[in-house]
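Trainee: Could you take a close look with me at the charged pairs in this one? I would like to walk through them slowly.

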Amino acid sequence: MMRLKKFRNMSEYSRLKIMLGGVPLGCDNIGDEAILASAVGIFRRLMPECELTVCTAKQRETASKFNCNTLPLYGFDRSPLSEFRRVVANYDLFIWFGATGLSDYPETACALLENSQKAGVATVVWNVGMDNVFNPMLYSLAGKKLKLCKLLESVTWVDWAAHFEKFIHKRVRKRLADTLGKSRLIVLRDEASLLELRKCASFPQAMVGADSAILQKSVEFESLRWEDHCAQMFNSATKRVALCLSSQSPVGELDDFAAWLDNLNLSENVLTIMLPMNPITDYEFMEKLRSKMKYSQKTIMPRFIEPEEIQCVVAKCNLVISSRLHLMILALNHLIPCIGIARGSKINSFLDQFGLPVAGSTGTVDFNTLDYYAKKYLGANDFSLQGANVRKKMVKNLSEAESRLKSVLYEINSRI
């Protein structure tokens with residue numbers, strides 16, 4: 001049964017009906033919500049009369065915040081795809097947008113695109129990213145299959161696990177090639193993602209835009225609602241470092257990281273602001289980090305959950321250290337220098353554009369690099385001009401992608 005929540009004040013004069021999906025929205029990922037906020041702004045600016053519907057796990061909250069229609073989180077919940085196909089047939093356009101979906105959950109989003117296309121609905125891929133590896137939770141062997149492959153390897157001296165994973169990856173790439181090839185527009189969020197996608201097929205029509213979250217807006221600083229003593233500590237600090245460590249790929253050297261933070265906070269007189277981009281799992285992981293610190297009183301962890309709040313806070317920091325991409329995107333919207341801790345290639349690809357460093361990976365943090373650049377950026381910061389030039393190029397790429405998108409929107413609209 002369709003569970004459509006329609007916002008009461010939706011204009012009766014809307015024409016083009018657009019469904020946004022293919023991303024696990026409403027699942028406590030602040031980065032995904034930043035992408036959504038900016039994407040909604042883009043579509044409404046390009047075609048103010050369009051009717052937007054968002055697939056999300058938090059239908060009521062999303063409808064209220066964006067004055068839009070909402071639907072269940074098709075592809076990521078238990079709703080059957082047959083139901084999705086019936087529902088999407090009522091729309092003119094299905095848009096898969098944002099995140100690193102081409103490698104994180106490619107077959108899920110492909111299923112939505114395929115069912116949209118079979119229902120006669122136009123499809124667009126909007127600023128989606130692609131890592132250099134597929135999601136290991138989905139596309140790497142584990143459990144009984146891995147044990148069986150290891151057993152066969154001991155007898156045949158053939159790495160059957162590698163062969164099987166190669167077969168899986170080849171199948172996924174073929175599905176991406178077949179499905180995306182039928183889309184009206186394909187926009188990748190960066191050049192590295194486009195190069196990865198072209199390992200599936202040539203896609204001559206695909207283009208580079210930019211992550212929609214580069215357009216994220218901030219709230220006024222005075223409107224932030226801090227907890228307890230956090231505001232006083234934040235306002236009185238002379239140097240501020242924002243930190244987010246992802247719980248999805250946790251840093252293994254947590255004791256060493258805690259010791260490094262203690263040393264930084266004391267030697268540089270720094271306040272560390274821990275900003276979980278998943279307010280549940282990242283929060284728990286960074287609380288564990290705090291418990292290992294000797295001087296945890298030199299840290300705060302405010303409970304902000306909206307991207308516009310996170311951006312407002314990080315804009316007043318001197319430095320960001322993160323294994324979450326979108327905290328760095330929000331920081332660089334205000335030209336705050338960042339040090340990445342890699343998990344896959346997406347953080348390297350993004351920071352390389354700005355000439356910013358990556359201090360190893362979550363598996364092996366490079367504390368020498370971390371220490372060198374932290375002290376550099378907490379000292380004289382000459383990053384702003386360089387960062388401004390890169391952001392100018394990103395905004396230009398996004399603007400060109402928007403022009404192509406606008407043409408597609410109006411072409412589809414002219415036929416309904």
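Trainee: Which residues are linked in a network of salt bridges?

Mentor: Happy to. Keep in mind that this is a predicted model. The network joins E107, E114, R171 and R175 through salt bridges.

Let's begin with E411 and R184, a salt bridge whose closest N and O atoms are 2.8 Å apart. This pair links distant parts of the chain, 227 residues apart: E411 sits in helix α17 (residues 384-413), while R184 lies in the loop between α8 (160-180) and β6 (185-188). E411 counts as partly exposed because its relative accessibility is 32%, and R184 is likewise partly exposed, with a relative accessible area of 32%.

Now turn to R324 and D282, where the closest N and O atoms of the salt bridge are 2.9 Å apart. Here too distant parts of the chain are linked, 42 residues apart, with R324 in the loop between β11 (319-322) and α14 (325-332) and D282 in helix α12 (residues 281-291). R324 is buried, at a relative accessible area of 6%, and D282 is buried as well, at 0%.

Finally, look at K375 and D371, which form a salt bridge with closest N and O atoms 3.2 Å apart. Both lie in helix α16 (residues 367-378), four residues apart, or about one turn of the helix. K375 counts as partly exposed, since its relative accessibility is 34%.

Note on methods:
Residues numbered from 1 in each chain as written. Predicted model: local features only at pLDDT ≥ 70, side-chain atom pairs only at ≥ 80, totals over all residues. Heavy atoms only, no water. Salt bridge = Lys/Arg side-chain N within 4 Å of Asp/Glu carboxyl O. Helix = DSSP H or I, 4+ residues; strand = E, 2+ residues; numbered from the N terminus. Buried < 20%, exposed > 50% of the residue type's maximum accessible area, 1.4 Å probe, protein only.
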